[in-house]
There are 2 protein chains.
Amino acid sequence: MERINVAIAGLGGIGKKVAELLYARHEHYARTYGVDLRLVAVCGSRAGRADPQGLSETDLEQLLPGHCGPDFILGAEPHILIEAGPTDIRTGLPGLDYIGPALDRGIHSIVISKGALVVAGPRLRQKAAASGARLKVSGATAAALPTIDLLEYGLLGCEIHSIEGILNATTNYLLSAMAEDRLSLQDAVLRAQGRSMTESDPSKDIEGWDTAAKLLILANFGMAADLSLDDVAVDGIQHLTLAAIDDWRAQGKVPKLIGRVTRQNGGFLATVGVEPVAADDVFALVSGKTKALRVNTDVMGEIVSIGTASEPAGTAAAALKDLEHILSALTVGTGE
Amino acid sequence: MERINVAIAGLGGIGKKVAELLYARHEHYARTYGVDLRLVAVCGSRAGRADPQGLSETDLEQLLPGHCGPDFILGAEPHILIEAGPTDIRTGLPGLDYIGPALDRGIHSIVISKGALVVAGPRLRQKAAASGARLKVSGATAAALPTIDLLEYGLLGCEIHSIEGILNATTNYLLSAMAEDRLSLQDAVLRAQGRSMTESDPSKDIEGWDTAAKLLILANFGMAADLSLDDVAVDGIQHLTLAAIDDWRAQGKVPKLIGRVTRQNGGFLATVGVEPVAADDVFALVSGKTKALRVNTDVMGEIVSIGTASEPAGTAAAALKDLEHILSALTVGTGE
């Protein structure tokens, strides 16, 4: 049975869930793709562990300080890297330091954190093309909501005119709380924090940057655009007042934070901002932590995808969907 | 440049649209997959034409009587068959006579008509596995609405607990007309016929059989079920009264014809019937000719896909999406 070695960089909630699912699905991978899949190296920001024969679940609870960083992870010579570190959309670090060298060496890379893709998406795509490595980004683009799959696979052959999405769960929850319970943004944030539904500092969500990051990755990977964050006109929900929401309600409309990319004059127009959505638009029913993407095409018309998966399991499962797509391509004809 | 020969069986509106798109996309296939794709044989029920060097668009307007049937089409030795004939869900003919022998010979088959898949889906899957041919069914499962892709690709690795869908555009249009304009079923049918939105005999739609056929294919191909049409409890919209619709409206609900497959006790429960749908369910906004599928999974939660493509272009485009998936697999590493 062919041996496939996997490494995970980043051991927060999502990285740990990825590892847990990898162990649970070991038999599934053997049965379906004829591979013996081993986790040969893992690390967080300060500690990690490697074993060329494969780490056990117990090993993951006994990490060794200092065993971390790109050289440590890539030194384990994985066939596949799963990058699940923190996101910094200004520097792309630390993910970029793992993914770039991995792709250069022909290591298939599954990226969950958005930073490196936002900062250097087209360049990473070129590295992958040059070395023949696969670069998969489902976990970074609204995770369990099928977005990049829909653009790349489900609508293959179509011209995609535009995409628009409700891509950030935190702001969608806040907007629902403001519109349905007439909470101020500040009170909505306090409620979300009380329910552990947002980070201690949700400003990147509130100001629209998380939506912009996902939108950018979808445009660059799913519409063959070559945009940078500076090309996106980004506004968030921070200026939205209850009075504006009341005005919209009087017209039967609800506020949603929408990211949108439209083909225009041979280029792309990309925006993020709050918009009133009519009650008979399915986006009006995308409430709370639900996310959605609408795609307009030439011959396949309009497609809407709506998803409600919870974190971190949904994100981890999205990354492992990417893993199976790689396994499927690597083992053509040998699997089911 | 590698030569790929394609044959089309069935030259109704959809088969003709498939041919039209194939010509329009010839350069795209060359650029993306490095293949010279030629249409080497086509036929309807009474006439057809073949040319080993590839038919021109003009050739398609000058079909030769008697040049038709499985021996004629398969005699042209295509690499890929696109089957776009009429659907008969009781006999599977004429499609079955083309698809079965094609798969036996290792010819990749893209199936648009539902009959053969309903009558012999699992058997055809086995034939494909035995010969190594690919069997693709996007065009038979609600076409441009990504359904089988979602199950097979977008949710890969998940356990699918249940699927439920609004899968038949004609009945959905009729139900919208009944609920919104208080038309009787008979008057709604007359309106649909006046707008060319239904066949002259829409009974297979109205009695739920078209929904059942699509549901069965989705279950057998997307959930690894092995159901026959007799396993599906099928009811249609023929018994629905305006009084029942009024009662539901008083509760804030709208009628939808829902096909549903649920895993139960190690098997599958499959039903088709009219149900009242609550106003805050996105299915309530799936009106007119729009279709939708909801999938419940273990780790990826609930995913809803909604599509509005028009016929025949949307169906033809779905079949050609399948074609690109085959080209992509055949030319791994040689394309972009």
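Which residue of E13(B) stands opposite Gly307(A)? Ile303(B) does. The model is predicted: local features need pLDDT of at least 70, side-chain atom pairs count only at pLDDT 80 or more, and totals for chains, interfaces and linings use all residues. Residues are numbered from 1 along each chain as its sequence is written, while chains are lettered from A and ligands numbered from 1 in the order in which they are written. Helices (H or I, at least four residues) and strands (E, at least two) are DSSP runs, numbered from the N terminus.

- The same surface serves both copies, as 100% of the contact residues of chain B recur in chain A.

**The interface**

- Chain B gives 36 residues to the contact, and chain A gives 36 residues. Two residues are in contact if their C-beta atoms, placed from the backbone, lie within 7 Å.
- On the side of chain B that touches chain A, the elements giving two or more residues are helix H6 (148-154), strand E13 (302-307) and helix H12 (313-330) of chain B.
- H12(B) supplies the largest share of that side, eight residues.
- That side of chain B divides into 19 nonpolar, eleven polar and six charged residues. Here Ala, Val, Leu, Ile, Met, Phe, Trp, Tyr, Cys and Pro count as nonpolar, Asp, Glu, Lys and Arg as charged, and the others, Gly among them, as polar.
- Strand E13 (residues 302-307) of chain A and E13(B) run antiparallel and are joined by five bridges.

**The sheet across both chains**

- Twelve strands form an open sheet with mixed pairing, in the order E9(A)-E11(A)-E10(A)-E8(A)-E12(A)-E13(A)-E13(B)-E12(B)-E8(B)-E10(B)-E11(B)-E9(B). Two strands pair if DSSP finds at least two bridges between them.
- Strand E9 (232-234) of chain A and strand E9 (232-234) of chain B stand at the edges, each with a single partner strand, so one side of each has no neighbour in the sheet.
- From one strand to the next, the twist averages 20 degrees. Axes are lines fitted to C-alpha atoms, for helices over the stretch in contact, and angles run from 0 to 180 degrees between N-to-C directions.
- Strand E8 (residues 160-166) of chain A pairs antiparallel with strand E10 (residues 253-264) of chain A over four bridges. Glu164(A) has Arg260(A) as its bridge partner in E10(A).
- E10(A) pairs antiparallel with strand E11 (residues 267-278) of chain A over twelve bridges. Gly259(A) has Val272(A) as its bridge partner in E11(A).
- E10(A) and E11(A) form a hairpin with two residues between them, and Asn265(A) in the turn has a positive phi of about 50 degrees.
- In chain B, Ser162(B) stands opposite Thr262(B) in E10(B).
- Helix H7 (residues 169-181) of chain A lies across E8, E10 and strand E12 (291-297) of chain A, at about 145 degrees to E10(A).

**The seven-stranded sheet of chain B**

- This open sheet has the order E4-E3-E2-E1-E5-E6-E7 (chain B), with mixed pairing. Its edge strands are strand E4 (64-65) and strand E7 (135-136) of chain B, each pairing on one side only.
- Strand E1 (residues 2-9) and strand E5 (residues 80-83) of chain B pair in the parallel sense over four bridges. Ile8(B) stands opposite Ile82(B) in E5(B).
- H12(B) packs on the sheet, touching E1, strand E2 (35-43), E5, strand E6 (108-111) and E7 of chain B, and its direction makes about 160 degrees with that of E6(B).

**Helix packing in chain A**

- Helix H4 (residues 95-104) and helix H5 (residues 115-131) of chain A pack at about 10 degrees, with axes 9 Å apart. That makes H4(A) roughly parallel to H5(A) (angles under 35 degrees; over 145 is roughly antiparallel, 65 to 115 roughly perpendicular, the rest oblique).
- The contact of H4(A) with H5(A) has eight nonpolar, four polar and two charged residues.
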